[in-house]
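Colleague: I have a model open on my screen and would like to learn how to read it. Could you take me through it feature by feature?

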Amino acid sequence: MADRHPGTTHLLRYFEYAHLPEHLQPVSASCGDLAQQMAAALPDGPELTAGLRKLLEAKDCFVRAALDTPKEN
């Protein structure tokens with residue numbers, strides 16, 4: 001991704017999830033995987049940036065929802 005527009009690479013770094021607690025990683029990983037797929041399939045530009053930004057907002061909502069979900073023992 002080094003040859004990508006700085007806006008694209010800046011947003012993609014927010015989709016990393018290894019630092020999250022184990023029970024939150026699958027939620028975040030699904031969005032992260034989609035972000036990587038879209039970045040690989042689409043050219044840099046304002047629509048990709050907007051799409052990644054909106055996906056990031058959705059990912060944040062999903063992770064917050066998972067915070068409120070009781071963990072299975």
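Predicted model: local features only at pLDDT ≥ 70, side-chain atom pairs only at ≥ 80, totals over all residues.

Colleague: How many residues does α3 have, and what span does it reach?

Modeller: α3 has 22 residues, and from its first C-alpha to its last it reaches 32 Å, close to the 32 Å expected at 1.5 Å a residue.

Colleague: And what does the secondary structure of the protein come to?

Modeller: There are three helices and zero strands, so from the DSSP runs, numbered from the N terminus, you read the order α-α-α. Along its principal axes, the C-alpha trace spans about 45 × 20 × 15 Å.

Colleague: Which residues of α3 are buried?

Modeller: First the general idea: an α-helix has 3.6 residues a turn, so residues three or four places apart point the same way. In this case, the buried residues of α3 are Leu 48, Ala 50, Leu 52, Leu 55, Leu 56, Lys 59, Val 63 and Ala 66. These buried residues pack against α1 and α2.

Colleague: Which residues make up the largest nonpolar core?

Modeller: It has 10 residues in all: Leu 11, Leu 12, Phe 15, Cys 31, Ala 35, Ala 39, Leu 48, Leu 52, Leu 55 and Leu 56. Two or more of them come from each of α1 (6-12), α2 (25-41) and α3 (46-67), and α3 gives the most, with four residues.

Colleague: Is Leu 24 buried or exposed?

Modeller: The cut-off for buried is under 20% relative accessible area. Leu 24 counts as buried because its relative accessibility is 3%. This residue lies in the loop between α1 and α2, and, leaving aside residues up to four places away in sequence, Leu 24 touches Val 63, Ala 66 and Leu 67.

Conventions: Residues numbered from 1 in each chain as written. Heavy atoms only, no water. Core = buried A, V, L, I, M, F, W, Y, C linked by side-chain atoms within 4.5 Å. Buried < 20%, exposed > 50% of the residue type's maximum accessible area, 1.4 Å probe, protein only. Expected span 1.5 Å × (residues − 1). Contact = heavy atoms within 4.5 Å.
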